Amino acid sequence: MKGMSNWEGSFSLSALNEIFKISPKRPDCVNSRESSWLEFKQSFGWGNAAKYAKTCAAFANAKGGYIVFGIKNRPHKLVGLNKNQLTSFAQIDPEKISTFFSEHFAPEIHWDIHLHEIDDKSFGILHVEESRSKPVICCKNASSEIKEGDIYYRYRGKTTRIKHPELVLILDEQRKREQKLWLRHLSQISKVGVQDAGIFNLRNGKITGAKGTFIIDESLLSQLAFINEGEFAEVEGKPTLKLVGEVQSLAGNPTIVAGKQIIKTRGIRVSDIVIGFLEKK
């Protein structure tokens, strides 16, 4: 359940089965328990955005995780979202969520949403990836839930301010990761040569080098595909473009905005398969 960062992994059948472990004694309940990667909410409402964001930040600082809407607590009953809640969840504006996250936390929280059905009941799922740039820190207050300067962490079934051992571990891991990146970059620069090397800023699209500077628009950064080292075959590699001369700005072109799509899946049980077989469905 850890380290999954795309739709096929985050919301795969195995992942959903891990979340929705149906109790053999109570088919309307799940055996799954809230943990360091799983949180249950009985209902959904954007008025609780600060609470959701706090849990999302905690997941990002840990190993990633899921908030599942439509499961009651104690016992974990499959109540599903009512009509209004389902409509609200299905009509989530990705830009609104991303804006709220970016206004209150830095660095960026990577997330995705999903709808899942069991026995004609719908459940909303919000998945958060483990952050690659920890710690994720609160940079703006929001009601009484999140406070500027706080770092939240997901412990077993609980979201709270991070404790000293976990913070030290995060800082130590980041330092080791940065050291490896510096060594890798310096190794590449030594191969290319200082005079011929350039620096590509992935945040603003600006490339700076000894032979000049040019900027790639932010809306195009997500569309860039890079060729793996040594992979130049037309079949395996990506098409390659060579820029020659001056690159002109195309001001006024519409900006391409990447959005998140809600994928809907339906869960079935062994009894459904048996009944379907007997009824020749």
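These notebook entries record what I looked up in the structure.

Entry 1, basis. I worked from a predicted model, in which local features need pLDDT of at least 70, side-chain atom pairs count only at pLDDT 80 or more, and totals for chains, interfaces and linings use all residues. Residues are numbered from 1 along each chain as its sequence is written, and side-chain values use heavy atoms, with hydrogens and water left out.

I found 12 aromatic pairs in the structure; rings of Phe, Tyr and Trp (its six-membered ring) pair if their centres lie within 6.5 Å, and planes under 30 degrees apart count as stacked, over 60 as edge-to-face and the rest as tilted. Tryptophan 46 and phenylalanine 100 form an edge-to-face pair, with 6.0 Å centre to centre and 70° between the planes. Tryptophan 46 lies in the loop between strand S1 (38-41) and helix H3 (49-61), and phenylalanine 100 in helix H5 (residues 94-104), so the pair ties together parts that are 54 residues apart in sequence. Helices (H or I, at least four residues) and strands (E, at least two) are DSSP runs, numbered from the N terminus.

I noted tryptophan 46 as partly exposed at 27% relative accessibility, whereas phenylalanine 100 is buried at 17%. Buried means under 20% relative accessible area, exposed over 50%, and partly exposed in between (1.4 Å probe, protein chains only).

I located glutamine 85 in helix H4 (residues 83-90); glutamine 85 is buried, with a relative accessible area of 16%. Leaving aside neighbours within four places in sequence, glutamine 85 is in contact with Gln42, Ser43 and Phe44 (heavy atoms within 4.5 Å).
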